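Work through the exercises below with the sequence and the model open. Each task is followed by a solution in steps.

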Amino acid sequence: MDDPKKLAEFQEKIDADIKIEPRDWMPEKYRQNLIRQISQHAHSEIIGMQPEKNWLTRAPSIRAKKILMAKIQDEAGHGLYLYCAAETLGVSREQVLNLLHEGKAKYSSVFNYPAITWADMGAIGWLVDGAAIVNQVSLQGTSYGPYSRAMVKICMEESFHQRQGYEVVVSLAKGTPEQKQMAQDALNRWWWPSVMMFGPHDAESAHSNQSLKWKIKRESNDELRQRFIDKTIHQGEILGLTFPDPDLKWNESTGHYDYGKIDWDEFWNVVKGNGPGNKQRLNHNIAAHEDGQWVREAAIAYADKINSKTKTA
């Protein structure tokens with residue numbers, strides 16, 4: 001059990017918006033909660049590269065290919081930033097990757113859906129990265145210093161990803177009827193998975209209340225989800241696209257959009273590993289990790305060699 005006096009002092013720091021740093025005392029549950037959230041975030045960035053890399057050879061222009069490649073490189077960097085942030089909490093990268101590969105750690109459920117047309121590259125950037133920005137801007141104010149600072153750089157790059165996606169959707173929506181239908185089809189398939197990205201409703205979230213008390217999260221799942229919906233609907237309407245929610249309408253009294261019932265059965269089915277791409281995504285990540293073992297070993301051997309020369313010089 002944590003010392004009650006230390007717990008009280010810790011909460012005082014949180015309430016005063018003083019960042020918690022790696023060498024500071026923290027409750028074990030705070031540490032474990034952060035490890036879970038940060039590693040899940042890192043896994044999502046790395047797994048999220050998979051549906052996009054399949055379109056690198058099929059991008060419609062050299063410009064589109066270069067932009068998509070830059071985006072994928074950014075996501076690899078985000079994953080590395082976040083794994084480093086998790087390591088400051090006393091967990092190794094090998095440990096968090098083993099948990100992922102054993103199916104004991106999660107990543108965002110949205111990355112288990114297939115990207116079947118070029119329009120999906122637009123929808124992922126516009127909707128998925130758009131949802132990520134809403135969440136990550138809030139996380140810039142998270143109470144753990146290394147996580148907060150990582151979010152500042154990540155958010156700047158995510159804004160580029162969102163604009164890249166929206167540009168693709170704009171081009172298709174203003175193109176031929178067939179191209180506009182591609183954009184509409186992608187919106188139909190990616191809208192609800194993007195809305196689900198924020199997680200279960202607050203009343204059903206296992207970690208929300210404690211995370212909010214410790215300011216690991218600054219806003220609840222439902223608050224973030226509502227903000228994403230409110231800012232995204234107008235963007236789609238400008239393009240003449242229709243959102244796949246017959247209950248979607250502006251509510252004058254609340255100043256927000258009302259939206260339909262989320263299919264939580266689908267959400268939990270994907271989270272539990274039964275989505276359309278779960279096994280493919282995880283198996284690919286495991287294979288890539290195993291294939292890269294020799295690179296890691298070579299890098300360690302080289303570093304040891306340089307260190308030994310330094311010590312004997």
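## Exercise 1: Asparagine 221

Asparagine 221 lies in helix α10, which covers residues 221–238. The coordinates come from a predicted model.

Task: decide whether asparagine 221 is buried or exposed, and find which residues it is in contact with beyond its neighbours within four places in sequence.

Solution. 
1. The relative accessible area of asparagine 221 is 6%.
2. Buried means under 20%, so asparagine 221 counts as buried.
3. Leaving out neighbours within four places in sequence, asparagine 221 is in contact with Phe198, Gly199, Pro200, Asp202, Ser205 and Ser208.

## Exercise 2: The nonpolar core

Task: name the residues that touch the most other members of the largest nonpolar core, and list the contacts of tryptophan 191 beyond four places in sequence.

Solution. 
1. In soluble globular proteins, nonpolar side chains tend to be buried together.
2. The largest nonpolar core has 80 residues, and Tyr30, Ile38, Tyr144, Trp190, Trp191 and Phe228 touch the most other members.
3. Helix α6 (residues 118–139) gives the most to this core, eleven residues.
4. Apart from neighbours within four places in sequence, tryptophan 191 is in contact with Leu127, Phe228, Ile229, Thr232, Ile233, Phe243, Pro244 and Asp245.

## Exercise 3: The whole chain

Task: count the helices and strands, then judge how compact the protein chain is for its length.

Solution. 
1. The protein chain holds 13 helices and two strands.
2. Its radius of gyration is 21 Å, close to the 20 Å that the globule rule gives for 313 residues, so the chain is as compact as a globular protein of that length.
3. Buried residues make up 50% of the 313.
4. Of the contacts with a separation of 6 or more, 77% join residues 24 or more positions apart.

Conventions. Residues numbered from 1 in each chain as written. Predicted model: local features only at pLDDT ≥ 70, side-chain atom pairs only at ≥ 80, totals over all residues. Heavy atoms only, no water. Helix = DSSP H or I, 4+ residues; strand = E, 2+ residues; numbered from the N terminus. Rg over C-alpha atoms; globule rule 2.2 N^0.38 Å. Buried < 20%, exposed > 50% of the residue type's maximum accessible area, 1.4 Å probe, protein only. Contact = heavy atoms within 4.5 Å. Core = buried A, V, L, I, M, F, W, Y, C linked by side-chain atoms within 4.5 Å.
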